[in-house]
Structures are given as C-alpha cells and as structure tokens.
Amino acid sequence: MESELKDLNSKPSKTTQEPENLTHDDACTKDDRPLLKPDSSSSEDIQELEKKFAAYVRNDVYGTMGRGKLPLKEKLLLGIALVTLLPLRIILGMAVLVLYYLICKICTLFLAPNREDEQQEDYAHMGGWRRAVIVSTGRFLSRALLFIVGFYWINESHRDSANTQENSKTEGTNQSEEKERPGAIISNHVSYLDILYHMSSSFPSFVAKRSVAKIPLIGLISKCLGCVYVQRESKSSDFKGVAGVVTERVREAHQNKSAPMMMLFPEGTTTNGDFLLPFKTGAFLASAPVLPVILRYPYQRFSPAWDTISGVRHVIFLLCQFVNHMEVTRLPVYYPSQQEKDDSKLYANNVRRLMASEGNLILSDIGLAEKRIYHAALNGNNRLPTVLHQKDD
C-alpha cells in the first residue's frame, strides 16, 4: 500500500481529464467534451450500447428503462405492494416531510436567511437552540424516511486505510494535525436516496438547482441545510461564482467546527453503483482534508440506482419493494500531501482511486456527455442537437 500511494502522488492518472473549473455535483456540472458522433450509436444495437456505457446500465428485473416484461411472480408481488405498501408509504412519507417543514418553519420564524450574495441564502449559519433542533430532528426524520421506504437497517462499516496513514507520514503531520476536521464529505453518486442517507448521518450542505429553493416544503428545508444554489439553465459566469462559494464553504467547514460541512458528489452525475466516473476538481480546490464515503445498494429485484428510468416510475417501484438494502463504507479522513494541495487534479484522482480500491468499484473514463448519448439512444433519438439539449438527471 505504501508503494501504491507514492505512485499516486508522483503523477496524475490518465483517467482524469476534466477542465480546471469544473465543479462536483450534477446540479452544476458542465461537461465540455465533445459528444460522440450520432452515427456511432445509430448503427449499434442496445447490447453494444450497454457494453460502451456500462456505468449507466440498469440490470434489475424491471429492465433498463423500468419497462421490461415481468415474470408472473413479480407481477403478483408488485400488485400486492401497489394496494398495500405504496399508499401507506406515501402517507407516512408526506407526514414526515410536513412535520419537518413545520419544525423548520418554527425555528426560522422572525429570522432573515444568511445571504452570501443575491443568489445564495441559507439558515445553516445560525446558532443556538434553533440550529440544534433543526439538525437533530433532520437527522432523525431522514432516517425515518429511509425506514419508511424499506431501508430497515443500514450496514455501515469503517475502513482503515494505509493510504491516508502513509500520506500523513510523508507530510510529517503530528497527532493533533491528524485530527483536523474535514472540509467536505466525498461520496459516489447512485440515487437521490444518497442525499437522505447523508442527511441522516451528518446533515451536511449540498449543491442544488436554484429552482429547488422555490419548491413548496422542500425549499425551506434546503435553506436550513445550507444548500449552495446554481442556475443550471444559465450560461453566464455564475458557474464560476458557485465554484467559489463551494470552495469557501469547504474551507469554512474545515476551520470552524460549528460551520455546516459540504457534501459533494465529484462524479457530476449518477451511475448504476458499480462504477466510479472521473472526479471533477471543485471539491478539492480548497486543499482541505476530505472524508470519503462509499454507498452501495445490494438488490435482488429492483435497483435503487436512478439513471435510465423516469422519476415517477422509479419512485413507484422503489416504494413497492418490501425490503431495500444499503451498505455504507466510511473511509478515514484523507489528508492531502503538499503535492496534492498544489494540484487539485492529482488530489481528486488519488481520492477517486482510493475509493475505487476500497469499495471494489470499477474505474470508468466516460462522463455526462456519454450518458446523454446513451439516454438518447434508448429513447430512439440519435440526433445530435437533441442530445445536446437533453436534460440530464
């Protein structure tokens, strides 16, 4: 392991080719690489596409787009769940959501949100009993929502890693420095359920679309989380501004224990859970330590991964599963070497390779551009202009 880390720090991996200013979450991802030529996919069948875009392929019993032919047993189970589990879980889930909204509403009464600029506002920087209530109830109710959905137990493990220990020795860090607070939590991205887990575990801030702040119930909750908002439809310099806000938030969380920690998905989009895409560098620009977390969703019938299936269909199938499973591997805090602090691409790539090794994930070189091509092909649309403007997950 020691020799492997020295190799990591000595040269960047060839798999990390993203532009310098790219950020970390699919809410603010901009993939400038040219799309694949439309003719390259139009002449191939679905099996060939699945080999090329393996990171996005769904392999559960419901099929790639959730429209596969189901065996009789699965139809019976689905029918029973539709009239029993589905309505009950919807009612309970909405009750939990409304309850937490009311808690947030009470705790933020007569308070103006903290505004970093005209585009960002949050209640995450307030202190006292209000913040304590929002965090404690938020974590509890997030776990309650996961329980309602069928995640009755979550298998969590803490992994020791020789990589982080060797990294500390290389820098000559002492024991007190070894306990520095990470500035961000870094996680692979599989499903919207990832957010619920991280809320229940550490209640961090996320990157979200600007429109999320205006959604009834969800909007106020996102402000209490301290979400960093990005206008995805905008092609202005706002993109760079959001990257700067995130970097400042990461540094603040690293230096101030009372500041909300950032939760970032550096892949920039979701996968089927078996692969790890190239990391964007936005999460690593602050040169602060990070906490890597690996999420897996073992399944037998329905995969909680969200890629080629529509949102409504995915939610219905998810709520109709009698039991869902989640495995979480928490790695030690990763302390960057001086070389990694000076090179955010190297830092991002080394953390990615560590997570792939510890989580038995397959490294993939494809990204959001290829995902759009695959989705367009599945929908029978191979025209390049349509692919360019197709809305990602």
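Q: Which exposed residues does the face of H6 turned away from its buried side carry?
A: This is a predicted model. The buried residues of H6 are Arg131, Ile134, Gly138, Leu141, Ser142, Leu146, Ile148 and Val149. Seen down the helix axis, these buried residues fall within an arc of 150 degrees, so they line one face of H6. The face of H6 turned away from that buried side carries the exposed residues Trp129 and Phe140.

Q: What span should the 22 residues of H6 have at 1.5 Å a residue, and how far apart are its end C-alpha atoms?
A: The expected span of a helix is 1.5 Å times one less than its number of residues. For the 22 residues of H6 this gives 32 Å, which agrees with the separation of its end C-alpha atoms, 32 Å.

Q: Which helices do the buried residues of H5 pack against?
A: Helix H5 covers residues 85-107 and reaches 33 Å from its first C-alpha to its last, close to the 33 Å expected. Its buried residues include Leu85, Arg89, Gly93, Val96, Tyr100 and Cys107. The buried residues of H5 pack against H4 (72-83), H6 (128-149), H10 (218-225) and H12 (311-319).

Q: How far apart do the end C-alpha atoms of residues 76-103 lie?
A: An unreviewed UniProt entry lists residues 76-103 as "transmembrane region". In the model, that span is 96% helix and 0% strand. The end C-alpha atoms of residues 76-103 lie 40 Å apart.

Q: Which residues of E4 are buried on one side and which on the other?
A: In a regular strand the side chains alternate between the two faces of the sheet. Strand E4 (residues 184-187) has both faces covered. The buried residues are Ala184 and Ile186 on one side, and Ile185 and Ser187 on the other.

Q: What is the bridge partner of Ala184 in E7, and what is its partner in E9?
A: E4 runs parallel to E7 (residues 262-264), to which three bridges join it. E4 also pairs with E9 (residues 290-296) in the parallel sense, over four bridges. The bridge partner of Ala184 in E7 is Met262, and in E9 it is Val290.

Q: Is Thr64 buried or exposed, and what is its relative accessible area?
A: Thr64 is found in the loop between H3 (46-52) and H4. Leaving aside neighbours within four places in sequence, its contacts are Glu50, Arg58, Thr308, Ile309, Tyr374 and Leu378. A polar contact of 3.3 Å joins the side chains of Thr64 and Glu50. Buried means under 20% relative accessible area, and Thr64 is buried because its value is 16%.

Q: What is the relative accessibility of Leu285?
A: Leu285 has its place in the loop between E8 (275-276) and E9. Beyond neighbours within four places in sequence, Leu285 is in contact with Thr247, Arg251 and Ser344. Leu285 counts as partly exposed because its relative accessibility is 33%.

Q: How far apart in space are Leu285 and Asp342, C-alpha to C-alpha?
A: In sequence, Leu285 and Asp342 are 57 residues apart. In space, their C-alpha atoms are separated by 9.1 Å.

Terms used
Residues are numbered from 1 along each chain as its sequence is written. This is a predicted model: local features need pLDDT of at least 70, side-chain atom pairs count only at pLDDT 80 or more; totals for chains, interfaces and linings use all residues. Side-chain values use heavy atoms; hydrogens and water are left out. Helices (H or I, at least four residues) and strands (E, at least two) are DSSP runs, numbered from the N terminus. Buried means under 20% relative accessible area, exposed over 50%, partly exposed in between (1.4 Å probe, protein chains only). Contact means heavy atoms within 4.5 Å. Two strands pair if DSSP finds at least two bridges between them. UniProt positions are given in the numbering used here, feature names are shortened, and annotations may be inferred rather than shown by experiment. The arc is that of the directions from the helix axis to the C-beta atoms. A polar contact is a pair of N or O atoms within 3.5 Å; within protein, one must be able to donate a hydrogen and the other to accept it, and residues adjacent in sequence count only if both atoms are side-chain atoms.
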